[in-house]
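Here's a quick briefing for anyone meeting this structure for the first time. Have a look at the sequence and the 3D view, then read on.

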Amino acid sequence: MPAKKSKGVSEEESAVLDYLVKANRPYSANDISSQLHGKVSPNQAKKILNDLADDGRIQRKANGKQQIFYANQSEIEVPSIEEAEEEEEKIKELEERVEALKSNNKSLAGRLQGLNSALTDDQMRERISKLSNEIKENDERLEHLRSGEVISPEEKAKIETEHAAMLKHWKARKRMFKNISDAISENYPGKMKDLFADIGVETDEDVGADTAIIAGK
């Protein structure tokens, strides 16, 4: 219970008395000055505390060479059992809220870290577009081969070599995209399909690419 400010009492004296009553524990003059964040200097605190003790408004006790001061216990409002239990319940609820907030903060920090380490939307679009173009070119070459048109052994060997190289790149980039997608999905709250739609990503399935044919299966 804050101490009442009497007529003629300075702001510093009122602050010291109020703090002692609220804290309800012994303090030295240096402690009070520190706890009030320099609102009163150690010398001011010492004088105010001694004046309050001389007036009987607080208690004073010698502790070796140092004096400590504490509030009169008669001025401390002692809560009832019901009030104490109610306060304990409030404290428990607050502690639970703090733990929940800590857990949520940890989860958000993990999501932020995952997003920061992932490619930007523009980088993803660029890689996917390039990969889609390469797949389209390979599809056209394969279709040309399946049409039965006669080509020379040299041209066929060149096409097969280029196809194998492109297939290798396609697999590597598909794996890279999957790793990025998996990393984002671990912390993304929604469906990856919706995210792809929002940022304009088209998968092999979306464009109707036959991955079995591309892979030569």
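Which residue follows α7, and is its phi positive or negative? That residue is G200, and its phi is positive, near 80°.

Keep in mind that this is a predicted model: local features need pLDDT of at least 70, side-chain atom pairs count only at pLDDT 80 or more, and totals for chains, interfaces and linings use all residues. Residues are numbered from 1 along each chain as its sequence is written, and side-chain values use heavy atoms, with hydrogens and water left out.

**The overall picture**

- The protein's secondary structure comes to eight helices and two strands. Here helices (H or I, at least four residues) and strands (E, at least two) are DSSP runs, numbered from the N terminus.
- Starting at the N terminus, the order of elements is α-α-α-β-β-α-α-α-α-α.
- There are 217 residues in the protein, and buried ones make up 26% of them. Buried means under 20% relative accessible area, exposed means over 50%, and partly exposed is in between (1.4 Å probe, protein chains only).
- Take the contacts between residues at least 6 apart in sequence: 53% of them join residues at least 24 apart. Contact means heavy atoms within 4.5 Å.

**The hairpin**

- Strands β1 and β2 (residues 66-71) run antiparallel and are joined by six bridges. Two strands count as paired if DSSP finds at least two bridges between them.
- Across the pair, A62 stands opposite Q67 in β2.
- The two strands make a hairpin with two residues between them, and G64 in the turn has a positive phi of about 70°.

**Salt bridges**

- The structure holds six salt bridges. Each is a side-chain nitrogen of Lys or Arg within 4 Å of a carboxyl oxygen of Asp or Glu.
- One of them links R57 and E13, whose closest N and O atoms are 2.9 Å apart. R57 sits in the loop between α3 (42-54) and β1 (58-63), while E13 is in helix α1 (residues 11-23), so the pair ties together parts that are 44 residues apart in sequence.
- R57 and E13 are both buried, and E13 has a relative accessible area of 17%.
- Not counting residues up to four places away in sequence, E13 touches I48, L52 and R57.
- Over in helix α4 (residues 81-117), E86 and K90 are four residues apart, a separation of about one helical turn. Their side chains meet in a salt bridge (3.8 Å, N to O).
- E86 is partly exposed, at 44% relative accessible area, and K90 is partly exposed too, at 39%.
- E99 and K102 form another salt bridge, with the closest N and O atoms 4.0 Å apart. They are three residues apart in α4, again about one helical turn, and K102 is exposed, with a relative accessible area of 52%.

**The nonpolar cores**

- The largest nonpolar core has 18 residues, of which V16, L20, I32, L49 and I58 touch the most other members. A core of this kind is a set of buried Ala, Val, Leu, Ile, Met, Phe, Trp, Tyr and Cys residues joined through side-chain atoms within 4.5 Å.
- The elements giving two or more residues to this core are α1, α2 (29-35), α3 and β2.
- A second, separate core has nine residues, including M124, I184, F196 and V201.
- I32 is found in helix α2 and is buried, with a relative accessible area of 0%.
- Leaving out neighbours up to four places away in sequence, I32 touches V16, Y19, L20, Y27, A45 and L49.
- I32 and L17 lie 15 residues apart in sequence, and their C-alpha atoms are 10.0 Å apart in space.

**The two faces of α7**

- Helix α7 (residues 192-199) has M192, L195, F196 and I199 buried. Seen down the axis of α7, these buried residues fall within an arc of 100°, so they line one face of the helix. The arc is that of the directions from the helix axis to the C-beta atoms.
- Turned away from that buried side is the face with the exposed residues K193, A197 and D198.
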